[in-house]
Structure formats: C-alpha cells, structure tokens
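Open your viewer and get a cartoon view on screen. We will go from the whole chain to single residues, one selection at a time.

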Amino acid sequence: MKKVLILAKTEYTRTPYDLWLKDSGVEPVLITSPKFYQDYARHIKHCFCLENYDHDDESLYDLTESIYQKTPFDYIFCRAEVDILRAANIRKRYSIPGQDVTSALCYRDKFFMKEQLSLSQVMMADYRRIDSQEELLAFASDNGMPFVIKPRLASGSSGVVIIKSQVELHSYLQKYNNQIVSMLAEDYVDGEMFHIDGLVVEGELTFIQPFRYVNNCLSYRDNLYIGNIPLDRNDKLYSRLVSSVKDILHIMPETPHFAFHCEMWVTGEGDIIFCEIASRTGGGMISFLIEEMAGFNIDKAWLLAECHIHQQSYPQYQERFLRFGCVCIPPSNGRLVSLPTEFPVEVRKTHLTGKVDEIYDGGEKSGLYLIGHVVEADDPKSVLRLFSSCYQQIHDAERWETVNNG
C-alpha cells in the first residue's frame with residue numbers, strides 16, 4: 001500500500017484524512033502539533049507529534065527522516081501556509097513528485113511572487129524588498145504615503161501595517177527597528193478586495209470561483225467580522241477576475257496539483273490590482289463554504305489529486321451559489337461568559353474554536369475566529385443581514401465579562 005505524508009495543522013474533525021483516503025490504496029502518515037495529536041492518533045496508525053510545530057523546521061526534518069527510514073512515503077500533502085515550503089523541501093530530499101521548491105517560494109514569499117509577475121501584464125502596486133530601516137526610509141521617500149509594510153512570509157494579514165504619515169512611520173521604526181528584515185513595502189491600493197479560490201489537477205484548472213469580501217482582511221483588528229460571498233457569473237467582474245487569475249497561474253511556476261487562494265483589489269476606476277496568491281485553500285470558513293454551496297470538499301479533492309487518485313468530476317458554477325456566504329467572527333475583549341445554544345435557521349454549518357471562561361484579547365488574525373458560520377438565504381442581501389445577526393449574537397455585551405489586568 002502506498003503512503004502519503006501529511007503535515008496537519010487543522011483538527012481531525014475538519015480534515016479527517018483517514019476517511020478521505022478510505023479504500024483508496026493510500027495510507028496516511030501524519031505529523032501534527034500537540035493540540036491536535038490525540039484526536040488524530042485515535043484514527044490514524046502512523047501519527048507523530050511535533051512539539052513546536054509552527055517554528056521548529058529542523059526537528060520536523062529530523063522527524064521526517066526517521067519516519068521515512070521506517071515507513072517510506074510516496075506522496076506529501078499539506079494545506080497550511082506554514083507547511084508549503086517545508087513540504088517542497090521534503091519532496092526534494094526524497095525525490096517525491098509535486099510542488100517543487102521554486103514553485104513553493106513563488107507562492108509563499110511575497111517578494112519572489114511579485115518578482116515572478118513583474119515582467120507580465122499583471123497590474124501590481126509598486127513594491128520593494130525591505131531588510132533595514134534605511135531601505136524602508138528610502139521607499140517612503142521615493143513613493144510617499146500611504147504605503148503598506150508587511151512580512152514576506154506571513155499569512156492571514158499578520159504583521160501588516162498601513163503607514164499614513166511621517167508620525168506613523170517614526171512610531172513604526174521605533175517599535176520594530178530591530179525586526180525590519182524579510183519585509184515587503186508596497187504602495188497602498190485604494191480599492192475593494194476580492195478573492196478567487198480554485199483547484200488545479202494535472203496542470204488543468206478544474207474549479208474556480210471569485211468571492212467578494214465583506215469588511216476586509218484587517219477588520220479583525222477592530223473585532224469586526226469578515227465575510228465571504230460568491231460572485232454572480234453575470235457580474236461584470238466575474239469574468240475579469242477569472243481571466244486575471246488564469247493569467248497569473250500561467251506565469252507562476254508550473255505545479256501539477258494544488259489549490260489556490262488569490263486576492264485582488266478592484267479600484268474605483270475598475271482596475272484589477274494583484275495583491276497575492278497562495279498555493280493552498282483559503283483560510284477561515286472558505287473551504288466549508290465551498291463544500292456547502294458546491295457539494296465539493298476542495299481539501300479532500302486536492303489530497304486525492306496529490307495521491308494520484310482520480311476524481312470523476314468537479315463542480316461548475318451554479319446559480320444556487322449566490323444563496324450562500326460564510327462569516328468569521330473574532331472574539332471580543334474579556335472573558336467569554338456564554339455561547340449561544342441556538343443559531344438562525346439559515347445557518348448551515350458552524351465551526352466553533354473558542355471556549356466559555358477563556359479570556360480573549362480581541363481578534364488575532366484574519367483567518368482565526370471565535371466562531372464561524374456558513375449560511376444559506378434567499379439572496380446576497382439576506383446573507384448580509386445574517387452576517388450581522390450572527391455577529392450581534394456573539395458580541396452581545398452580556399456574553400462578555402471585563403477582565404482587570406491590573
């Protein structure tokens with residue numbers, strides 16, 4: 001029986017790899033963190049725990065070597081941003097087919113990503129690699145304000161700062177001066193952000209769907225929700241966004257099987273400006289949304305493609321997609337006193353990550369949330385009303401207790 005090494009950064013109930021591979025002739029061999037290990041170990045025979053999963057690359061590679069010597073694997077799969085380059089390095093070490101290091105770097109590192117696209121017709125904000133205070137000051141002098149500074153390897157809008165004035169620039173330099181390395185600066189784009197998610201199998205685009213963000217990727221910093229609504233194929237932006245992503249996929253390094261999550265701005269003048277693209281499924285509730293609206297688990301389909309397991313068909317756009325949406329609701333500040341026991345009848349799926357009596361300090365990252373919902377209503381306007389209703393249900397003041405940190 002063939003085996004697939006899986007780097008698992010999600011809980012078992014979200015990604016039950018043993019069930020997805022049942023009767024496929026491929027057996028999972030899994031590495032995960034202490035947070036998720038017990039649940040996976042109850043279902044998967046070859047399951048290993050890595051103590052400092054997010055940051056200890058050296059121990060990961062050592063553990064992988066130990067596993068390979070005893071249980072050689074034929075494929076490698078991961079769905080988290082932190083694992084994309086790691087998985088490519090492991091493939092290289094054991095000559096395993098799949099996304100290589102060059103492709104992983106271009107989809108993972110925002111500077112290499114934009115360099116790959118820089119000679120194409122893809123529209124991008126002016127950008128520059130930043131590794132020192134002097135380089136940041138030079139960019140500010142050359143490009144003016146506002147501009148954005150962000151880590152090249154972060155995800156979920158972590159570490160993104162919008163600099164609007166000299167005062168804010170000075171404050172940023174004082175706070176982060178010794179940490180200004182491996183950063184990217186780019187001109188600020190004033191526009192509405194959309195994301196386009198899809199799947200490539202055997203080099204062919206098998207599924208693609210644009211979505212509109214409700215609020216934006218930094219809304220979590222104000223403890224506001226972020227929502228996602230499918231775009232109507234009759235919307236004039238639909239075909240333009242799809243065409244733009246196809247152009248980007250053609251220019252990026254070729255990879256046989258991968259899911260992607262691409263973010264684009266649309267300005268008031270109608271220009272489509274590239275933000276970034278990742279070779280993974282979208283974060284938050286996006287995978288759940290795709291499954292509820294299309295009857296298609298994009299993570300499972302990607303895993304099967306990576307293991308060369310043929311899937312009969314992939315969903316095409318349907319009008320019913322427009323009845324769906326998903327919302328990710330961050331915590332408030334304080335101790336969570338209670339959670340709702342009932343939700344609006346239109347809620348089709350709920351994913352809860354928080355616990356009563358836990359203390360929270362508001363939103364942490366755009367892909368993280370206290371609770372997420374997939375909803376189905378009559379139309380997009382009704383979906384928006386549901387987002388607000390679900391948000392108010394969690395952020396009711398009676399559910400939160402102020403904590404005195406003094």
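Helices (H or I, at least four residues) and strands (E, at least two) on this tour are DSSP runs, numbered from the N terminus. The model is a predicted one, in which local features need pLDDT of at least 70, side-chain atom pairs count only at pLDDT 80 or more, and totals for chains, interfaces and linings use all residues. Residues are numbered from 1 along each chain as its sequence is written, and side-chain values use heavy atoms, with hydrogens and water left out.

**The whole protein**

Start with everything selected: the protein has 12 helices and 19 strands. Its radius of gyration is 21 Å, close to the 22 Å that the globule rule gives for 406 residues, so the protein is as compact as a globular protein of that length. That radius is taken over C-alpha atoms, and the rule is 2.2 Å times the number of residues to the power 0.38. Along the principal axes, the C-alpha atoms fill a box of roughly 60 × 55 × 50 Å. Of the 406 residues, 55% count as buried; buried means under 20% relative accessible area, exposed over 50%, and partly exposed in between (1.4 Å probe, protein chains only).

**An open sheet**

Next, select β5, β6, β7 and β8. These 4 strands form an open sheet in the order β5-β8-β6-β7, with antiparallel pairing; two strands pair if DSSP finds at least two bridges between them. At the edges stand β5 (127–130) and β7 (161–163), each with a single partner strand, so one side of each has no neighbour in the sheet. Between β5 and β8 (residues 183–187) there are 4 bridges. To see a bridge pair, show Ile130, whose partner in β8 is Met183.

Contact here means heavy atoms within 4.5 Å.

While you are here, look at the loop between α7 and β6, where Pro146 lies. A cis peptide bond joins Met145 to Pro146, with omega about -5 degrees.

**The largest core**

Which residues touch the most other members of the largest nonpolar core? Select Tyr17, Leu199, Phe274 and Ile277: among the 84 residues of that core, these touch the most others. Such a core is a set of buried Ala, Val, Leu, Ile, Met, Phe, Trp, Tyr and Cys residues joined through side-chain atoms within 4.5 Å. Zoom in on Ile277: leaving aside neighbours within four places in sequence, its contacts include Tyr107, Met113, Ile248 and Phe260.

**Helix α4 and its cover**

Move to α4 (residues 84–94), whose buried residues include Ile84, Arg86, Ile90 and Tyr94. Colour what covers them, including β1 (2–8), α3 (57–70) and α11 (298–306).

**Two loop residues**

Most residues other than glycine have a negative phi, and most peptide bonds are trans. Asp23, in the loop between α1 (17–20) and β2 (26–32), has a positive phi of about 60 degrees. Asn223, in the loop between β10 (204–214) and β11 (226–230), has a positive phi near 60 degrees. Buried or exposed: what is Asp23? Asp23 is exposed, with a relative accessible area of 76%, while Asn223 counts as buried at 13%.
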